[in-house]
Amino acid sequence: MSQKVFDYNLFIRTAKSPVFPTLSFVAIFFLLYSSDTIVSIANLPMHAVDLKSHKTVDHLREPTLITTTNIQDQITIDEGPDEVYDPLIPPNNVTKEERLVWFRRKLPELEILRSNNLTQQFHSRVLQFLNNGCSIQFYMIWFSPAKSFGKREFFAMDSLFKAYPQGCLMILSKSMDSGRGYRILKPLLDGGFKILAVTPDLPFLVKNTPGEVWLEEIKSGKKDPGYIPLSQNLANLIRLIVLYKYGGVYLDTDFITLKDFSGLRNAIGAQSVDLQSKNWTILNNAAMIFDINHPILLDYISEFAATFNGNKWGHNGPYLVSRVTEKVGSTPGYNLTIVPPEAFYPVDWNQIRRLFRKPQKESESRWVESMLNELNQEETYALHLWNKRSRELAIEEGSVMARLISEHCVICQDIYSTSL
């Protein structure tokens with residue numbers, strides 16, 4: 001397909017156009033696995049869902065909405081046992097054979113790979129939440145204990161509700177579906193924002209997709225998960241399946257949402273372009289917007305299952321969506337929108353540090369003002385912070401980051417801590 005990204009009439013929808021005429025919802029999924037106390041939500045019946053209206057279809061009765069109030073009523077505030085080290089992280093400096101032996105031994109500990117009584121409530125809990133009067137819903141993925149959910153992740157939610165005060169945030173997470181998770185979310189819940197923490201069901205999600213066969217191979221212990229933590233690749237797969245089965249917007253947890261991008265539809269962001277040809281060179285799966293059952297999502301899932309490699313960083317993520325999009329993205333009917341780097345990746349990973357620094361000279365102060373003007377007024381919808389490069393950076397007073405946080409938050413707590 002053509003990799004042009006700067007034809008704005010073709011690739012960038014205006015904010016006036018509706019986001020998802022047939023579907024306008026998104027959710028944030030944080031995949032956090034630990035042994036925290038779980039929010040007790042009664043078993044719910046399975047319903048069909050009208051994805052155009054977000055209404056749960058039940059000719060007999062309407063299900064009870066999962067609102068802020070009844071979430072708080074049902075939750076038990078208990079710290080629970082200490083959260084454990086991620087069992088999905090393989091040992092270093094081992095051979096493939098040694099890693100497979102380790103992986104087979106760890107399989108009984110990998111709860112995410114199996115269904116249980118709690119996870120089997122996932123789909124019905126999701127459908128009830130989608131019937132909660134949301135203007136839009138978001139998904140994110142987070143594979144860490146709840147105690148690792150820090151200011152960076154909280155601000156991803158905070159800025160999201162600044163741009164979408166009537167939106168809904170769904171947190172797909174075992175550890176956030178807990179007392180500890182409730183305390184993290186409480187400032188936003190107390191503000192009346194709609195948030196649901198729900199423990200995911202991976203076998204249900206992959207069912208009837210090419211990912212189902214891949215999961216069975218992983219569970220058999222015969223497929224090498226690779227030296228990259230399996231959690232990273234599960235996150236790559238799950239974001240695709242969730243978008244395919246429910247539709248919506250996926251964002252990583254290290255984004256600052258700057259403005260409404262509901263004018264985008266079936267869109268994915270370019271991370272980089274060729275300076276001469278203006279063709280995209282790499283797409284990134286950290287931000288994706290898709291209708292339910294969009295066929296390219298099934299192409300992505302098929303590619304994941306067929307070419308999985310746990311030893312190459314990015315192979316199952318950014319490079320996967322890049323190579324598949326190059327092959328089939330121009331297929332008639334796909335109507336795929338590729339937005340330029342300015343949309344979600346306006347600052348490259350090797351330049352992100354500068355945004356955290358306090359200006360020391362007049363020229364630096366002018367640069368801060370210029371950058372803020374560019375981010376707030378140009379075609380930038382959200383700013384990716386490249387978490388691995390910036391997580392430990394202190395936010396200095398007067399920096400671009402400090403200014404952005406103060407302008408794009410609703411809770412606005414602890415801006416000048418050591419890091420986000």
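**Entry 1**

I looked up the second largest cavity and found about 30 Å³ of space in it. The model is a predicted one, in which local features need pLDDT of at least 70 and side-chain atom pairs count only at pLDDT 80 or more, whereas totals for chains, interfaces and linings use all residues. Residues are numbered from 1 along each chain as its sequence is written, and side-chain values use heavy atoms, with hydrogens and water left out.

Grid points are joined across faces, edges and corners, and a volume is the space filled by probe spheres set on the points. By this rule I count two cavities of 30 Å³ or more.

Ten residues line the second largest cavity, and L88, W102, F103, P225 and L230 lie nearest its centre. I sorted this lining by class (Ala, Val, Leu, Ile, Met, Phe, Trp, Tyr, Cys and Pro as nonpolar; Asp, Glu, Lys and Arg as charged; the others, Gly among them, as polar).

I then turned to the largest pocket, which holds about 1200 Å³ of space. It is lined by 40 residues, of which Q232, D252, D254, W313 and K388 are the closest to its centre. By class, its lining comprises 16 nonpolar, 16 polar and eight charged residues. For the elements I used DSSP runs numbered from the N terminus (helices: H or I, at least four residues; strands: E, at least two). At least two lining residues each come from α9 (230–246), β9 (280–290), α11 (318–328) and α14 (387–390). Helix α9 supplies the largest share, six residues.

I next checked N236, which is found in helix α9. My terms for accessibility are buried for under 20% relative accessible area, exposed for over 50% and partly exposed in between, with a 1.4 Å probe and protein chains only. N236 counts as buried because its relative accessibility is 12%. For contact I required heavy atoms within 4.5 Å. Not counting residues up to four places away in sequence, N236 touches N285, F304, N316 and G317.

L243 also has its place in helix α9, and its relative accessible area of 0% makes it buried. Leaving aside neighbours within four places in sequence, I list among its contacts Y139, Y250, M288, F290 and L297. L243 and I289 are 46 residues apart in sequence, yet their C-alpha atoms are 7.9 Å apart in space.

**Entry 1. Positive phi in loops**

N293 has a phi near 60° and is found in the loop between β9 and α10 (295–307). With a relative accessible area of 46%, N293 is partly exposed. N293 is also in contact with L243.

N335 has a positive phi of about 50° although it is not a glycine. It lies in the loop between α11 and β10 (337–339). N335 is exposed, at a relative accessible area of 55%.

I examined helix α13 (residues 362–377), which has 16 residues and reaches 22 Å from its first C-alpha to its last, close to the 22 Å expected at 1.5 Å a residue. The expected span is 1.5 Å times one less than the number of residues. Its buried residues are V368, M371, L372 and L375. These lie on the same side of α13 because they cover an arc of only 100° around the axis, the arc being that of the directions from the helix axis to the C-beta atoms. The cover over them includes β11 (382–384) and α15 (400–407). The face turned away from the buried side carries the exposed residues E362, R366 and Q377.

In helix α4 (residues 122–130), nine of the nine residues are buried, so this helix is largely enclosed by the rest of the structure. Among them I note H123, R125 and Q128.

**Entry 2. Whole protein**

I recorded 15 helices and eleven strands. Of the 420 residues, 56% are buried. Residues 24 or more positions apart account for 83% of the contacts with a separation of 6 or more.

Terms used. On a 1 Å grid over the protein atoms alone, a cavity is a set of points where a 1.4 Å probe fits but cannot get out, and a pocket is an open set with protein on both sides within 12 Å along at least five of seven lines; lining residues have an atom within 4 Å of a point.
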